[in-house]
Each structure stands twice: as structure tokens, then as C-alpha cells.
Amino acid sequence: MTRDEIEKRVRQVICRVLDVDDDMIEPESHFVFDLGAESTQSVELVAAFEGEFDIEMDEDAALNVKTVGDAVDFISGYVK
Amino acid sequence: MATMTNGPAKEQTTVLTRSLDGIFSPNGIAVVGVTATPGTVPYDILHNIVASGYQGRVYPVAPGKRTICDLPAYRYVVDIDEPVDLAVIVFPAEVVDRALRQCGEKGIRSVIVISAGFREVGPAGVEREEQLKRICADYGIAMIGPNCLGAINTDPSIQLNASFARKMPHAGRIAFLSQSGALCTAVLDYAREKEIGFSKFISFGNKAGVTEFELIEYLHDDDQTDVILLYLEELRDGRRLLEVAQRVTRGKNAKPILAIKSGRTPQGADAAASHTGSLAGEDAVCDAVFREAGIVRVDSLEELFNSAVMYAYQPMPAGDRLAIVTNAGGPGVMATDAAIREGLAVPRLAESTIAELKKTLPATANTKNPVDVIGDARADRYMAAMESVLADPNVDQMLVILTPQSMTDIDAIAEGVCQIHQKAVKPIACAFMGAADVASGIHRLQKDHIPHYILPEWACRAMADVSWIRQWRAGKLDQPERPVEDRQPAAAILEQARAGYLPEDLALDALAAYGLPVPPRRLCQTADQAVAFADEIGYPVVLRAVSPQIVHKSEAKALALNLACADDVRKAYDRLLADVARAVPEAEVRGVLVRSMIPPGHEVIVGAKRDPAFGPVLMFGLGGIHVELFGDVTFALAPIGRTGAARMIGRVKASRLLEGHRGSEPADLEAIKTSLVRLGQFVTDFERVVELDVNPLIVGPGAMGHAVADVRIRLKEESS
């Protein structure tokens, strides 16, 4: 899977879980400050990414990811 | 805050006042980082602002949300078109800096940071907090918090609850400042039940921006506030508290400050070799500083509110004379004991009052103070007694005690107290003792803001606190003095000394250079020298071996007293050196100090230490070898003047001995004051002095003067 494909699906998951429009999302968008993720939604996001990509991530490390771009990079490490 | 450190003082004050006005009376509030989940702090803060009845515009900043609490939400604070005075930041700690910076860009100069996760969580949090301070400095923001509950203003024209406290308190004349947020919610609940109202309610948390000092000064000028209550866990600048509180608690617009100070610094627990070091823990020093600052220090919330209500709701008494009206003898006696213990007087009533009481009370009643109206008293009898007692010229204040007996018409008596209270010009307090039976009567009293206490002892304590406030305002403020003009001779001694204990001969020379009464002395290297000097100054004399390894001379057998002739001196000299060699083999003896024997007198201790929060601190008390055992000592921040020295002497129990107890001749108190003032200057002038004991300072009777018998001075490294 290419990085662009991963990014596209990551954005879809963010829009669905956080109920935000796609045009709000930039690679440097901070999940909390720019997209308004509450603490419970951060956990939901991790679970949704795992479901979307059929992967199992290190949860502590995943919750430390702060921006959309970093999330794409982090998930890329798990996706073949 | 950059704006507060650059400009002239008046301009700084104006900027700060404007910023604090923005916190308490904002025109437009942004709540930054709101979530859509009720029951969370971010949501509840917004909800409470709206629900409290605040009439200004409220702007939720919540990225990704369209509306919250029926208000349109903004993605960023800079997206708000209208002007905003106050931002309440509720984002998680990791993004608070971004939010704060945007507030600065938006021109918001008043910010409350509710979020936790700063210096209270360790090094990473400390760095985050430092970052907030830098942003505040860059933009001139007055910041309350972080890690706080928020702020409340009950002024009916504002009605603002910018906090996560569940309910808005009643409006009142008491302001409450707290370092602890969680405590605030308990206080609000407690006060609500007791019908206690607040003017302002502020939790200042980590005080990274606005501190208790600025808030106290703001409340000093706040015409809605009569009393300032303070809960403090950590005092970072004791001198500033002294300076600010002295200004607030005295003068034209004087307002009392009542405070709880909890917590102890680790430095306070440091082991210390000197008496002063071991006795001058942070708490003891704090006590003394609060007293000198005019702050009433209390130990519990109960006492804090007991005394605050007494002050806020009753007139200031003209004096300390208390009359007690009771329907039970036992509680009357308990109250009398408590009143005397707390420093109040329970005077004999005027003959005319006693005559009046005899006319209205049954023959079995006690018409002396405490006035016992007897167990079967109903409201009419209470009323008659209260009216007579309050009219008595020997009475300044009245305590009404009630125990619920089967004949006692509690509600009618409470009503009677309220009627009398409406006309009274003297303060009244009540102790309706019990719980369930007296509940409705207590409620009636509280409705009229008549201070009520479950126990008469608490009432006496509260009345004594208010009396202390009256005395403090009438008393003289100490003016620190620096009588020693030439510090050079002492400086020369200290400059050459290494860190650690200064050798005794040099310590005595340094104190002598500051005018302390050090007897004639000389450090001798041979028995012949010792005898020659003893012949010169006259007998009897004392020999003292001087060595950096010997701190406690009697334990090391390093002294010989009361030597009456040359032969005695010669023998003692050799014996002393032999004894020291046995007791402390590693001791390097600099010589043997020969000085005249000081005539007997009172032994007092005069000490000093450098405290991390307070700087140079002076100690005074009963001296000798039992200093720690009796602990009869008191403290003051150095330097001090003669008024401060007199107050220190007056505070210790031993002052009665010094004033001449049971026919003994009084000590030369003026000489003690002189030593305290000079020692205060000494420890202030020389930062290297970390601990200092003059113990004992022997004080002779009358004008016979006094003399330093022993001294220890500990120095720190020159560079540190």
C-alpha cells in the first residue's frame, strides 16, 4: 500500500471518528488542538485505525502520536 | 509578566488591575478547548459560566464542533471576531501553550488555565509551565493557574462562575483565595450550608502568573470585599507577603487577612547543629511572619470561617471585655475559661447592671458575669438579660449560650437574639449547643448573619481573633534599623574565613565589631600568656579551648570556669589541653581563649538563620542548655527595629522572668533590644552567615548590661 493510499484512509477514519470535515485536516493538524479529539476519542481512533488497516499497534506508542502526518508514518510502519 | 516588570510601578499596577478586572468582570469570555461531553471539566466550565447567569458573550472554542451548550463553537480563539477579555483554557496540558499563544495574538490579556499537568507532575511539567510564563511575558498576559479550579465573582452585575465548582455561592463580603482547587469545592459546599456568602472566590493553583500577592492587593481595593481568606500550601516569598499584608491589614482601607498555611518544605526538616537551626523550622518562622504581617493564622477551615464570619458580620469591638449570657452553668464556666485563655477579659458587670438583672431574673440566677439565666429560662428572660448586659459600660461584646432543655423555647430565643442584634452596636456571637433540637434556631441566627458556633470555646477564639485584629491596627509598625555604619572590620574577618564554623575568637571579634557586648578576651598560645592577660583584666576568668573540631565545648571538656588566681589559670590551662586531647583526639587547637567571668544573670538566646523562603530570620528566647526542651522562642524577619525587638521579647513566656517575676530584679530589656537589632543587621549584611547562636547572652539586672557568653557562627562557601 502506498503512503498516499494510507493517508487517504487515515483521513477517512479521522472524519468518521471525530466528526470533522476532510478540509479541516492537514498533515500537521494536531489531533487535540486542531481537530478537537477528546481523550476517549483518541482511544477510539487507535481502535479504528487497527480495524481499517487490520493491524495491531503498540497502544502507548500510538497514543503518543500527535499529528495526522505522524499517524500516517506510524501506521505505515505496520502496513505491508 | 513583561508589562509588570518594565514600566514604572504605578503603570504596572494599573496594567495588572485591568488584567484582574478582566478575570473577575470580563466583557466576553472564550472557553478554549471545550468538549461536548457533560461531566468533563472542559464541558462543565462552559456550562457553569452559562448557568451562573453571566450576561456577557460566551464563546466556546472547540475544534470540529459546531455548537456546544447552544452556543456557536469556534475552531480557534483567533477566529472570534468580537473582542474578548477573558480566556479560560481547558485543553490538555500538552497544547495549552499553543492556546495561550493564540490568546496573546487575539489580544486577550486575562487568562485562567484550569488544566493540570504542569510543575505538579515533575520535570516535564516544570518545563511546560516555564513555557507558559514566557508566553505570558511576551504578550503581557495575567494568568491564573495552571492547575486550578477557576474563579467566581458573585457581584449581581457580573454573576460569573468560571470554575468547575458545582454551584454558585451566595453573595457576601468574604473573598476566598486558595492554592488548592479541590479544597475550594468542599469550602463552597460547607459555606453554602452555613449561609456564608462570598464576594470573590479564586483558586490560583500553581501561581505561575498571578500570585497570592497580586490577588490580595486587588481584593484590598475591591469594594465588594471586607475580609480576605487565604489557603496556602507553599509560600515562595515570605518577605513580599509581609510587605503586602502589612499594607492591606492596616491603615485607611484596612482589611483583615485570615490564613491557613499547610505543608512543610524539605529544607525545614534539614538536620541542623545550632539551636536556632533546629528550632527555626519553616512553620515556626511562618507563624512569626504572619503575626508581624497582621495575618490571623488559623489551623482549620472551621476556625477560618468562624473568625471570618465574626469579623464580616459584626461591628469591631471597642475592647476585649466579654459578657456571657447562658442558661447552663457548666458551659458558662467553660466559656469563661476559654475567653481568658484566648486573651479576652470576663469583667465584673456594673452595679447598675447587676441591680437591673436582679429585678428581671429569678433569685437563683447568677447576676454576675457569666450571667446564668437558669435552665428554665424562656425568651423573655433571655431578652431582659441580653439587653441589660449589652448596655453595660464594662462590656465590649456578648456571647449567648443556649442548651436545649425541655422548657427552652429555642426558636423564640433565636428570634429575640435577632431583634437585639438589629439594634446592637456591640458584637454578638451565639453558641446554641447540640445538634437536632437547636438546628432551626441556628438557621434563624445564620439568616441574620449572627455568628454561631457549636462550642462556646470556638466563639471565644473567633472573638479573640477579631480583638487581635483591632489591637494590630492600633499598634505601632516596626521600622527596621541599621545602627552599625562601619561593616568593614566584621567583613574583613568573614572574608578570610572558610566555610563551616567560624573559630570562637573570630566569631566574638565579628560580633564585637557590630557592637554586641563581648567581654575582654584574648587568644593565648601559652599558659604564661594566659596568666598575663588574666592579670590584666582581673579575676575571675574563664578559659576556653578554640578548635574548629569542637562545637559543643562542655562535651569536649574544653572550658574551665571561675578561675580566681594566676595559679588556677596555669593549672587549668594544661589540664584543659590534656582533656581536649583525650576527648577529641583529632581536634586542632588554635589556642586558649581567656576572658573575664560574666556575673550571673538571666540566660537568653539570640540567634539567626538564613531561611530559603524568608531570608535572614532572627530568634529570641529563653537560653542556656535547655533551649530545645522548653522551646520558648520566637522569630522575626531581620533586620528589625526596637519596636520589633520589644515585640519579640514580649512574645516569649520568659518575658515575665525578664520583667521581674515575684520580686526578682528586672533584666535590662533595652540592652536585649540593642543586641537583637544589631544581630539582625549582622545576619542581613553578611549573606555567608547561614546559622548563628549567641547562647547564652547573659542579661544582668537593671542597667547592669549584658554579655555574650558563647557564640557559634556557621558560614557557607564564599561563592555560593
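1. A quick definition to begin with: a salt bridge here is a side-chain nitrogen of Lys or Arg within 4 Å of a carboxyl oxygen of Asp or Glu. On that basis K194(B) bridges to E302(B), with the closest N and O atoms 3.9 Å apart. The two partners sit 108 residues apart, K194(B) in the loop between α6 (181-193) and β11 (198-203) of chain B and E302(B) in helix α11 (residues 301-313) of chain B. Over all chains, the structure holds 50 salt bridges.

2. Housekeeping: this is a predicted model, where local features need pLDDT of at least 70 and side-chain atom pairs count only at pLDDT 80 or more, while totals for chains, interfaces and linings use all residues. Residues are numbered from 1 along each chain as its sequence is written, chains are lettered from A and ligands numbered from 1 in the order in which they are written, and side-chain values use heavy atoms, leaving out hydrogens and water.

3. On to the interface. Chain B puts 16 residues in contact (heavy atoms within 4.5 Å) with 13 residues of chain A. Together the chains bury about 1,300 Å², 50% of it on carbon and sulfur atoms; buried area is the accessible area (1.4 Å probe) that two parts lose on being put together, summed over both. Which three residues of chain B supply more of its buried area than any other three? They are R75(B), E94(B) and R98(B), with 34% of what chain B buries against chain A. Three salt bridges are counted between the chains, and E94(B) makes one with K66(A), closest N and O atoms 3.3 Å apart.

4. Next, an open sheet in chain B: five strands in the order β2-β1-β5-β6-β7, paired in parallel. Strands are DSSP E runs of at least two residues and helices H or I runs of at least four, numbered from the N terminus; two strands pair if DSSP finds at least two bridges between them. β2 (58-61) and β7 (142-144) of chain B each have a single partner strand, so one side of each lacks a neighbour in the sheet. The twist averages 20° from one strand to the next.

5. Within that sheet, β1 (residues 29-32) and β5 (residues 86-89) of chain B pair over four bridges, with I29(B) opposite L86(B). Helix α3 (residues 41-51) of chain B lies across β1, β2 and β5 of chain B, at about 165° to β1(B). Angles run from 0 to 180 degrees between N-to-C directions, and axes are lines fitted to C-alpha atoms, for helices over the stretch in contact. Helix α4 (residues 93-106) of chain B touches β1, β5, β6 (110-113) and β7 of chain B, its direction making about 175° with that of β5(B).

6. A further open sheet of chain B has four strands in parallel pairing, ordered β16-β15-β17-β18. Five bridges join β17 (residues 397-402) of chain B to β18(B), and V400(B) has C430(B) as its bridge partner.

7. Helices α23 (residues 642-651) and α25 (residues 669-685) of chain B pack at about 115°, axes 9 Å apart.

8. Backbone spots to check: most residues other than glycine have a negative phi, and most peptide bonds are trans. A cis peptide bond joins G145(B) and P146(B), with omega about 0°, and another joins N695(B) and P696(B). N147(B), a residue other than glycine, has a positive phi near 65°. Both P146(B) and N147(B) are in the loop between β7 and β8 of chain B.
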